[in-house]
Amino acid sequence: VAAAEPLPERRSLLAAALPFTQALLAQVGRTLARAQAALAWPEGSPPSPPPPPPPCAPLSDADLRTYLGPGGRLLRPHDLRLHVYHGGVEPGLRKVVWRYLLNVFPAGLSGQERLAHLRRKAGEYAALKASLAARAAPAELALV
């Protein structure tokens, strides 16, 4: 018969978790104290938030021309984006302005260079479409 070893004392789960729980609560208390100290406002009240920028009128053709330099190069893309963000775009200009917002044109292109870029991209699209039509079955093209 094997020698019987005495069983170690079993502590309850609560007794085992008590030191961990106490340490956790102490850390939470220190964290809350630091957060309260960091958020302590002078003069007893929080500062007022900055006023929102005033809404501006939708971007018009004349406004767009102010963002374009000689030859039609976009000079201030960040300002254009802010204007559109705060005021929107007139419906007739959306097709043009979205190309700037979505970076369809590489930076620094003049008006003529943008037109050539669009023609080149349209040619690439037509070539890709033709190569797809040559390789795919008509049933697959109908799904596309």
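A residue counts as buried when its relative accessible area is under 20%, as exposed when over 50%, and as partly exposed in between (1.4 Å probe, protein chains only). The model is a predicted one, where local features need pLDDT of at least 70, side-chain atom pairs count only at pLDDT 80 or more, and totals for chains, interfaces and linings use all residues. Residues are numbered from 1 along each chain as its sequence is written, and side-chain values use heavy atoms, leaving out hydrogens and water.

**Overall layout**
- The chain has 6 helices and 0 strands, with helices being DSSP runs of H or I, at least four residues, and strands runs of E, at least two, numbered from the N terminus.

**The core**
- The largest nonpolar core has 12 residues, including Leu-59, Leu-64, Tyr-67 and Phe-105; such a core joins buried Ala, Val, Leu, Ile, Met, Phe, Trp, Tyr and Cys residues through side-chain atoms within 4.5 Å.
- Helices α2 (61–67), α3 (77–87) and α4 (94–101) each give two or more residues to this core, and α4 brings the largest share, 3 residues.
- Leaving aside residues up to four places away in sequence, Leu-64 touches Leu-59, Leu-80, Leu-93, Val-96 and Val-97 (contact means heavy atoms within 4.5 Å).

**Around Val-28**
- Val-28 sits in helix α1 (residues 13–38) and is partly exposed, at 39% relative accessible area.
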